[in-house]
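Trainee: I am new to this structure. Please take me through one part of it closely.

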Amino acid sequence: MGLEKFDPTLAGHDLVQDLKWDPALRAEFKDNERAVLDRYPLRPEERRAIEERDFRTLYDIGFHPYLGGQLSRFIYGNDAARGALIANKKLIASLTGQK
Amino acid sequence: MAEIVFAAGIPHAPAIVGLFDKATPEQQKVVRHTYAGLSGGLRRARPDLIIAFANDHMTNSRIIAYPDFLIGMAAEHTGPHEWFKPWIGCRDYVVKGSPEAAEVLFRGMSRRGVRMFGSRQPLKFDDNISVPSVLLELDTLGVPLVPVMQNCTVPPFPDQHRCYEVGQKLSDLIRHDFPAEMRVALIGSGGLSHEPGGARYLFIDEAFDRWFIDLCVAADHKRMLRELTIEKMEAAGSGGTAELLAWVVVMGAIGEKPGQSFGYAICSDFRCGIGAVAWNLAA
């Protein structure tokens with residue numbers, strides 16, 4: 001699994017970029033993820049994969065893995081010693097079919 | 001004529017700051033030795049300007065309008081960008097920039113056929129610039145920094161041949177466009193093997209890392225350009241390892257010079273192989 005399926009047109013990439021750049025959007029994503037997702041022209045399968053934390057499917061439809069890793073940190077945690085480690089494990093579990 | 005007085009390839013894995021305590025004493029020793037050696041070498045070189053090429057990591061631009069090279073033209077560079085602070089775990093820093101040198105770089109590379117982009121607004125930095133800035137203490141050095149954020153992750157991105165060519169043109173620019181007597185330090189920030197966000201997130205390709213360091217030390221650039229393909233780097237960690245192309249820019253600028261390694265550390269908590277090379281420009 002690499003970059004061979006990468007699709008630069010997925011709107012989910014913009015979502016991740018905006019979450020990085022906008023603390024208010026990040027807070028809203030935590031409180032009301034659906035409202036945030038509604039504002040992005042996500043493809044149905046792309047949105048479903050985000051909602052179901054299904055990174056395997058997300059990557060299969062062309063999501064960039066680097067931004068996928070960051071998406072996992074928005075969801076599960078971003079601090080080096082704890083949250084990010086949980087995010088890593090959750091991400092790997094999804095990608096390797098362990099969940 | 002301006003000259004390159006320091007050149008190094010430097011790792012920037014965030015965990016070597018934020019998870020440093022998770023490493024064994026031996027691994028910590030390698031990290032300390034690496035950055036002490038690089039910092040000492042940089043200071044002994046007495047540069048007037050530092051130009052650092054580093055993987056942008058999609059930190060500054062949208063993926064649908066992504067520059068291969070983005071020059072930081074601001075008068076001051078600060079970091080880390082707020083979202084990355086808990087991820088990196090490093091202190092804040094402020095490094096002065098050089099809008100004048102950045103303009104010379106932008107103009108000169110454009111005239112030499114390299115399409116770069118520039119930002120007069122401060123760029124956002126994650127570990128790419130933040131880790132070298134903090135561990136080399138660039139904020140206390142008093143030397144202006146011009147960061148060049150490189151596309152090493154959004155396909156298609158410049159391969160080893162193009163990056164080497166960019167480095168050669170950079171060398172010509174430094175010698176002919178910068179003020180005479182200017183002393184320039186070049187840093188390629190990135191590596192070694194890692195696969196951020198991938199199924200092999202915790203995988204480190206030790207064999208590749210040791211091969212690559214040996215390659216940099218040996219100064220056989222024909223072999224490097226033949227063997228250090230994007231495919232090989234992707235196999236050693238997709239979406240991450242190819243940021244070693246920032247080192248290739250530096251090697252293109254200095255030509256075939258032997259390098260000095262500071263050792264190698266492999267620690268799964270770092271999620272990245274750790275090693276650096278400083279090149280002997282007097283050789």
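Mentor: On one side of helix α2 (residues 23-31) of chain A, A24(A), K30(A) and D31(A) are exposed. Exposed means over 50% relative accessible area, buried under 20%, partly exposed in between, with a 1.4 Å probe and protein chains only. Helices are DSSP runs of H or I with at least four residues, numbered from the N terminus. This is a predicted model, in which local features need pLDDT of at least 70, side-chain atom pairs count only at pLDDT 80 or more, and totals for chains, interfaces and linings use all residues. Residues are numbered from 1 along each chain as its sequence is written, chains are lettered from A and ligands numbered from 1 in the order in which they are written, and side-chain values use heavy atoms, leaving out hydrogens and water.

Now the buried residues. In α2(A) they are L25(A), R26(A) and F29(A). They cover an arc of only 105° around the axis, so they lie on the same side of α2(A). The arc is that of the directions from the helix axis to the C-beta atoms. An α-helix has 3.6 residues a turn, so residues three or four places apart point the same way. What do the buried residues of α2(A) pack against? They pack against α1, α3 and α6 of chain A. Contact here means heavy atoms within 4.5 Å.

Next comes helix α4 (residues 44-51) of chain A. Its buried residues are E46(A), R47(A), A49(A) and I50(A). Their arc is only 160° around the axis, which puts them on the same side of α4(A). Their cover includes α1 (12-21), α3 (33-38), α5 (55-60) and α6 (65-76) of chain A. Just after α4(A), R53(A) has a positive phi of about 55°.

Notes
Helix = DSSP H or I, 4+ residues; strand = E, 2+ residues; numbered from the N terminus.
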